[in-house]
Number of protein chains: 2
Amino acid sequence: MIKTPYLLFLGDAPDALAAKVAQGIRDWRPEYALGQLCLPGCKADLGLPEMTLQAARDAGAETLVVGVANRGGVISEAWLDVLEEALATGFDLASGLHNLLRDEPCLAAAAEKYGRQLFDVRVPQVEYPIANGVKRTGKRCLAVGTDCSVGKMYTGLAMHREMKARHMKASFRATGQTGILITGEGIPLDAVVADFMAGSVEWLTPDNDPDHWDLIEGQGSLYHVSYSGVTMALIHGGQPDALILCHEPTREHMRGLPGYALPSLEALRDLSLQMAHIANPACQVVGISVNTAGLTEALAEKYLTEVEARMGLPTVDPYRYGAARLVEALEALT
Amino acid sequence: MIKTPYLLFLGDAPDALAAKVAQGIRDWRPEYALGQLCLPGCKADLGLPEMTLQAARDAGAETLVVGVANRGGVISEAWLDVLEEALATGFDLASGLHNLLRDEPCLAAAAEKYGRQLFDVRVPQVEYPIANGVKRTGKRCLAVGTDCSVGKMYTGLAMHREMKARHMKASFRATGQTGILITGEGIPLDAVVADFMAGSVEWLTPDNDPDHWDLIEGQGSLYHVSYSGVTMALIHGGQPDALILCHEPTREHMRGLPGYALPSLEALRDLSLQMAHIANPACQVVGISVNTAGLTEALAEKYLTEVEARMGLPTVDPYRYGAARLVEALEALT
């Protein structure tokens, strides 16, 4: 468990997109985001107070989170100096980079010397079991997509925020690097060894109160040939009671796969339900989440209305317009 | 690539089942199986010549294969003595054990000293790519099962043997530990990291002659919640042109999952085809392989006849009665 609150390290991010991990934390856990720390040349800005390491420690920050993608797969000298100083100042470090903090000798030595922890969240921290398929108590909701990167994580986080506002029992269950850094815990599913994927999802979503909802962060898509196995493990390990279909309407082909068309929402609904019924015969598709970031307000509203009429399911952009109707669809199940 | 031929180490196997890896090699690659080496108390016997290490080396054996499951997850002192002597005698070592040869200091040191190789086939040897979904030349056939351990590997190996006898171009593509030790190469799919599963299957089954068939060893089942993600990656990474449905008719529930019923062959056919069509719209189900080991000859023939009439597909037990009709179904596709 990564200690909060965080100081968000933006390094020398060349643009806002490079700092999207930090942006995700700021958007969804503002209470964890005490401040930001930029290096010269940084082009990202989260609008948080710019803080020195010592000022952030004095304000209570526990962990320096590397909230930026590094260039070329190398952690630069300039970064290393700051990260080493952070350990000396009393911070733990957390990162979702491919290059591991623990593989940098100076950081490993400094963590040892100062008694601090290095969290490489892309590396599984637990020996997950093989899935046993036993039915668990409590309720689970999983976002499944027509493609990768269509807004599954933001859908789950928006629903979680709405449920907490309604004082419902709910947990967002992170399954990817950004989600883990947002919530402080979870499983890096795409880095889990094949035999243990479904078991790691069972481990992540254990028995709970009958009226408690796990909002499981989706990954990949059953229709994305590179990652469909990961999605499959989420559906069978998560044994969801409810599915939310996620879609991005301006995509011309499956992400990274020219020549592969996106499926229809009808096809996604039918195939996902068939798969989900193997682990939980009671599973239902309860709503549709559309990422309308690429559409004007007028076009977004028209699109949502059309899809809702066609599919007969509450259809919203939960980030743009709120997740209330999706949450009400879950409430109707319990 | 593991060098052949092999001397098969049976250790102190408590029964024949404990030596099933060695049995698989003997059944499917008798030309690789020069002899066997037992320790006192061994209850397994492959019917091969019992050979000393030196006699096997003199006869041309290159690799000592640990063809037996060890008890309690520990490689015993008695085994270590033999394995170390084998390295000194000029053998490479190969093993599919959970406990790795390389983790035994005496074996690692002896391999270094004598310039020999240790093959822990449960550990991926390659940095596999992310799958790109690009259509490859050549033909591919995948065995999919109603459950785990229903005979998918034996089906592929039986078809491969029949195709070689007919001078067809064919490769058996191993995806599990036993398959790798049988063929000397392959991918340990259940040990591959989630993001790279489908990519490893693409890597295993590259472009080939238009009339060449890859017979891809199946793993798990779309209906087995513990391993369905692995099966999914085989279907999408393998982009098969032909599927063989595999079934074991005496199973009362999914292996290791009490309360989970096996699907019908019709359900397996329909779901597998839907999934396969995402990667290859031309994929067809061409035949059914039934493991009738649990049935008398009369019951087996009755069962095969009934299934064939019901499903309208060639239905055989390829290990008991030969794979000719399954191979003819492939020939009809090209």
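Reply: Setting aside the neighbours within four places in sequence, Gly11(B) is in contact with Leu37(B), Cys38(B), Leu39(B), Cys42(B), Val68(B) and Trp79(B). The model is a predicted one. Gly11(B) belongs to strand S1 of chain B. Is Gly11(B) buried or exposed? Its relative accessibility is 0%, so Gly11(B) counts as buried, the limit for that word being under 20%. A residue at a distance gives a sense of scale: Asp207(B) is 196 residues away along the chain, and the C-alpha atoms of Gly11(B) and Asp207(B) are separated by 40 Å.

Strand S1 of chain B covers residues 6-11, and Pro5(B) is found in the segment before this strand. The peptide bond that leads from Thr4(B) to Pro5(B) is cis, with omega near 0 degrees. In chain A, the bond from Thr4(A) to Pro5(A) is cis, with omega near 0 degrees, and Pro5(A) sits in the segment before S1 of chain A. Most peptide bonds are trans.

S7(B) runs parallel to strand S8, residues 212-216 of chain B, and five bridges join the two. One of the pairs is Arg173(B) with Ile216(B), the latter being the bridge partner in S8(B).

Five strands of chain A make an open sheet with parallel pairing, in the order S2-S1-S3-S4-S5. At the edges are strand S2 (33-38) and strand S5 (118-120) of chain A, each of which pairs on one side only. From one strand to the next, the twist averages 20 degrees. Within this sheet, S3(A) pairs with strand S4, residues 92-95 of chain A, in the parallel sense over four bridges. Leu64(A) stands opposite Leu93(A), which is in S4(A).

Glu50(A) lies in the loop between S2 and helix H2 (53-58) of chain A. How accessible is Glu50(A)? Its relative accessibility is 45%, so Glu50(A) counts as partly exposed. Apart from neighbours within four places in sequence, Glu50(A) is in contact with Gln36(A), Leu37(A) and Cys38(A). Glu50(A) and Leu34(A) are 16 residues apart in sequence, and their C-alpha atoms are 9.3 Å apart in space.

Next comes a helix. In helix H1, residues 20-28 of chain A, the buried residues are Val21(A), Ala22(A), Gly24(A), Ile25(A), Asp27(A) and Trp28(A). In an α-helix there are 3.6 residues a turn, so residues three or four places apart point the same way. The cover over the buried residues of H1(A) includes strand S1 (6-11), strand S3 (63-66), H5, helix H6 (177-183) and helix H11 (318-321) of chain A.

At least two lining residues come from each of strand S6 (139-145), helix H5 (152-165) and strand S8 (212-216) of chain A. By type, the lining of the largest cavity has seven nonpolar residues, two polar and no charged.

Two backbone angles remain. Most residues other than glycine have a negative phi. His167(A) is not a glycine, yet has a positive phi of about 60 degrees. His167(A) is located in the loop between H5 and strand S7 (169-173) of chain A, and is exposed, with a relative accessible area of 74%. Ser149(B), also a residue other than glycine, has a positive phi near 55 degrees. The loop that holds Ser149(B) is between strand S6 (139-145) and helix H5 (152-165) of chain B. At 42% relative accessibility, Ser149(B) counts as partly exposed.

Notes. Residues are numbered from 1 along each chain as its sequence is written. Chains are lettered from A and ligands numbered from 1 in the order in which they are written. This is a predicted model: local features need pLDDT of at least 70, side-chain atom pairs count only at pLDDT 80 or more; totals for chains, interfaces and linings use all residues. Side-chain values use heavy atoms; hydrogens and water are left out. Two strands pair if DSSP finds at least two bridges between them. Ala, Val, Leu, Ile, Met, Phe, Trp, Tyr, Cys and Pro count as nonpolar, Asp, Glu, Lys and Arg as charged, and the others, Gly among them, as polar. Buried means under 20% relative accessible area, exposed over 50%, partly exposed in between (1.4 Å probe, protein chains only). Contact means heavy atoms within 4.5 Å. Axes are lines fitted to C-alpha atoms, for helices over the stretch in contact, and angles run from 0 to 180 degrees between N-to-C directions.
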